[in-house]
Amino acid sequence: MPEQAAPRLVATDLDGTLLDDHGQVSPRTREVLGELDRRGIPVVFVTGRPIRWMESLWSDVGGHGLAICSNGGIVYDVPGHAVRNALTIEPEVVLAAAQRLRRRIPGTSFALEKTGGFAREPGYQPRVRQPLEIPIGSLPEIVDSTVVKVLARHDDIAPEPFWGQVEEAIGDLVTTTWSSVDALVEMSARGVTKATTLERIVAELGVLPGEVVAFGDMPNDIPMLRWAGHSYAMANAHPSARAAARGVAPANTDDGVASVLTGLFGL
């Protein structure tokens, strides 16, 4: 890339991007993140993961202590172990979206990510084992004012056709996206994406979009990759993410984020 000032802030997705295929931060990547922290360069984790899946990764966020979870639905204060901001979906919107999907795509089941945990319908079977004490009930029983992400799953439709059908059916009610390899669609409040929440954070820090470098690998990263002044999709990324980014980084299994950051910051 042409000679120019190094970015002032790093924003990175986790799974398939910063993390290896075992969901870990490699020693090389940890070393690079640590050096950026020592130089005062904020590294913001921007992930579709809920807070409850982040505990083992907080030590790698760095001294600034901020993370964006649930596809922009939550800004988390890492040192304080507290939700700083939550952009929730109104209960009536959740129920209206679900009703429309059940009518148009029979067999769809739902789960809810909330600021305080996870809840699901009996017919929604998570691919990752959940604690036994999580609430299970009908959607009207489990929905409340703390929902930051709705998950819709279908077991009999191929992933991309399902993703398209959901967007067509309820795209006017919520923001839909996906980061899974199966038929699972994630919904945030209308207009909430990784990019919109990241934009608010960097503005607070006095950083401009052109001073941000972003990394991602899936369609839920596309708004962030398009917004940031410097953006890289991983070599293993979904084709739509590669098309949205300004560059391509080596695969997550090859420490792609660390490799690019080493060059950008002269590490």
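Buried means under 20% relative accessible area, exposed over 50%, and partly exposed in between (1.4 Å probe, protein chains only). I'm working on a predicted model, where local features need pLDDT of at least 70, side-chain atom pairs count only at pLDDT 80 or more, and totals for chains, interfaces and linings use all residues. Residues are numbered from 1 along each chain as its sequence is written, and side-chain values use heavy atoms, with hydrogens and water left out.

**Salt bridges**

I counted these as a side-chain nitrogen of Lys or Arg within 4 Å of a carboxyl oxygen of Asp or Glu, and the structure holds 13.

I looked up Arg102 and Glu121: their side chains meet in a salt bridge at 2.2 Å, N to O. Arg102 is in helix H3, Glu121 in the loop between strand S7 (117–120) and helix H4 (139–142), 19 residues apart; helices (H or I, at least four residues) and strands (E, at least two) are DSSP runs, numbered from the N terminus. Glu121 is buried at 8% relative accessible area, while Arg102 is partly exposed at 34%.

Next I checked Lys114, which forms a salt bridge with Asp144, closest N and O atoms 3.1 Å apart. Lys114 is buried at 15%; Asp144 is partly exposed at 28%.

I also noted a salt-bridge network linking Asp13, Lys194 and Asp221.
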